[in-house]
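Please find below my notes on the model, as numbered points.

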Amino acid sequence: MSGDTTLVDTVNASQSRQVFWDRDVYDLEIERIFSRAWLMLGHKSLLPKPGDFITTYMAEDKIILSHQSDGTFRAFINSCTHRGNQICHADSGNAKAFVCNYHGWVYGQDGSLVDVPLESRCYHNKLDKQELAAKSVRVETYKGFIFGCHDPEAPSLEDYLGEFRFYLDTIWEGGGAGLELLGPPMKSLLHCNWKVPVENFVGDGYHVGWTHAAALGQIGGPLAGLAGNRADIPFDDLGLQFTTRHGHGFGVIDNAAAAIHRKGDGWNKYLEDTRGEVRRKFGADRERLYVGHWNGAIFPNCSFLYGTNTFKIWHPRGPHEIEVWTYTMVPSDADPATKSAIQREATRTFGTAGTLESDDGENMSSATYVNRGVITRDGMMNSTMGVGYEGPHPVYPGIVGISFIGETSYRGFYRFWKEMIDAPDWASVKANDDNWDSVFTNRNFW
Ligand code: UNU
Ligand code: FES
Ligand code: FE
């Protein structure tokens with residue numbers, strides 16, 4: 001099953017329900033997407049000193065990410081090259097070396113095999129330790145965020161993020177020192193396909209007023225206006241939606257960056273103090289984004305809400321389950337009280353037991369498990385909202401949709417999903433660089 005898959009119809013903006021259910025589709029995703037794309041590993045704030053390490057996942061592969069003595073970061077597969085035992089069982093720490101607890105092979109901070117017990121006597125000096133280094137992963141960083149990739153043919157991380165950096169820079173650099181992550185992550189299992197939360201975070205402005213109606217009513221403030229079945233819900237003056245070359249995208253609600261926070265201090269004050277610098281550095285069009293609330297995703301499986309400041313990696317665990325890792329995203333130069341206030345609100349809303357997280361979780365497993373039904377899963381899903389009400393924009397790169405409520409970024413996510421599933425290699429993805437956005441046919445919308 002490869003080459004021009006019919007699972008996603010980019011012309012009619014629909015997707016087969018099998019993308020949430022079928023085991024063969026999942027296996028193909030692991031092979032063609034997770035083994036070839038840049039995946040989020042973490043932020044340097046999680047391992048600030050030489051010797052610091054964290055363990056994480058790239059899809060279902062266990063990974064050690066380690067801070068080298070020269071200040072760079074290296075990642076390697078967390079499985080011993082002797083008999084395969086997991087090398088490191090800690091979530092994080094500081095280590096000069098990693099000792100496999102099965103037979104005691106010792107790996108350096110860079111994954112090289114540095115010592116083998118009884119090497120000369122038992123192996124008669126015939127062991128090639130160089131060849132037996134832990135399998136290494138390509139690592140690159142952007143504004144402190146660390147990514148890993150298995151494919152030597154993949155573009156650089158900067159090119160992979162591409163024009164999405166125009167948007168990321170606005171918040172990852174911002175008007176101060178940029179954003180970092182607070183760990184350790186909260187971890188939970190969710191019974192859903194990994195793409196359900198990604199599509200939700202990349203571009204589902206529609207669900208907010210329905211799924212979260214009760215919670216938003218309780219929170220009050222600017223988001224309360226979105227809650228519920230209201231004919232007068234704001235629409236085209238609410239914000240915008242974006243998709244870019246490699247499927248990354250987001251939606252923005254204007255002037256709502258700190259909507260869940262108290263006025264006058266903490267995060268609100270930080271934004272007011274720094275927005276002038278953003279305007280000076282990046283201009284008014286990006287200052288607008290800086291003070292907006294974002295729901296976004298970096299293809300394939302990293303999502304975040306800027307403003308609410310939850311940061312998630314959806315680690316796939318087969319077609320019908322994920323392990324969700326939730327960090328808090330904070331300005332690295334904010335004072336400790338502001339950081340902890342941001343973390344508290346992020347946890348209350350989108351932590352493992354957060355009010356809004358629970359609202360979403362129910363939908364995510366429902367949208368997955370309903371496809372147990374053989375007749376049900378034969379069908380297609382619809383993402384046509386706002387087709388034609390989107391296009392290239394004079395200021396903002398990528399394709400820009402008319403409102404925060406739309407499915408432009410959904411279409412962009414599945415457009416690139418299909419491209420990756422169909423492509424035999426990165427060269428054939430790169431060949432589409434000049435006409436990737438041709439499925440967005442209204443060239444004169446803005
Ligand atoms: O649930 C969401 N994705 C969301 C919540 C988006 C924007 C504001 C609040
Ligand atoms: Fe690691 Fe044997 S499996 S030392
Ligand atoms: Fe939601």
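1. Leaving out neighbours within four places in sequence, S14 is in contact (heavy atoms within 4.5 Å) with L7, V8, D9, M380, M381 and S383. S14 belongs to strand β2; strands here are DSSP runs of E with at least two residues, helices are runs of H or I with at least four residues, and both are numbered from the N terminus. S14 is buried at 11% relative accessibility, where buried means under 20% relative accessible area, exposed over 50% and partly exposed in between, with a 1.4 Å probe and protein chains only.

2. On provenance: this is a predicted model, in which local features need pLDDT of at least 70 and side-chain atom pairs count only at pLDDT 80 or more, while totals for chains, interfaces and linings use all residues. Residues are numbered from 1 along each chain as its sequence is written, chains are lettered from A and ligands numbered from 1 in the order in which they are written, and side-chain values use heavy atoms, with hydrogens and water left out.

3. M380 is found in strand β20 and is partly exposed, with a relative accessible area of 42%. Not counting residues up to four places away in sequence, M380 touches L7, S14, Q15, S16 and R17. M380 and V19 are 361 residues apart in sequence, yet their C-alpha atoms are 9.7 Å apart in space.

4. These contacts belong to an open sheet of three strands, ordered β1-β2-β20 with antiparallel pairing; two strands pair if DSSP finds at least two bridges between them. The edge strands, each pairing on one side only, are β1 (8–9) and β20 (380–382). Strand β2 (residues 14–16) is joined to β20 by three bridges, and the two run antiparallel. Within that pairing, S16 has M380 of β20 as its bridge partner.

5. A second open sheet has nine strands in the order β13-β19-β18-β17-β16-β15-β14-β22-β21, again with antiparallel pairing. At its edges stand β13 (179–190) and β21 (390–392), each with a single partner strand, so one side of each is left without a neighbour in the sheet. From one strand to the next the twist averages 20°. Strand β16 (residues 293–298) and strand β17 (residues 302–306) run antiparallel and are joined by five bridges; N295 has L305 of β17 as its bridge partner.

6. What does α12 lie across? The helix lies across β14 (239–243), β15 (249–253), β21 and β22 (399–401), running at about 5° to β14. For this and the angles below, axes are lines fitted to C-alpha atoms, for helices over the stretch in contact, and angles run from 0 to 180 degrees between N-to-C directions.

7. The axes of α5 and helix α12 (residues 408–422) come within 8 Å and cross at roughly 135°. The two helices are therefore oblique to each other; angles under 35 degrees count as roughly parallel, over 145 as roughly antiparallel, 65 to 115 as roughly perpendicular and the rest as oblique. On α5 the contact is made by K195, V198, E199, N200, V202 and G203, and on α12 by S409, Y410, F413, Y414 and W417. The contact residues divide into six nonpolar, three polar and two charged, with Ala, Val, Leu, Ile, Met, Phe, Trp, Tyr, Cys and Pro counted as nonpolar, Asp, Glu, Lys and Arg as charged, and the others, Gly among them, as polar.

8. Helix α1 (residues 23–34) also packs on α12: their axes come within 9 Å and cross at roughly 80°. That makes α1 roughly perpendicular to α12. V25, L28, E29, R32 and I33 of α1 meet W417, M420, I421 and D422 of α12. By class, this contact has six nonpolar, no polar and three charged residues.

9. H207 lies in the loop between α5 (195–203) and α6 (208–211) and D360 in helix α11 (residues 355–369), so the pair ties together parts that are 153 residues apart in sequence. H207 is buried at a relative accessible area of 13%, and D360 is buried at 3%.
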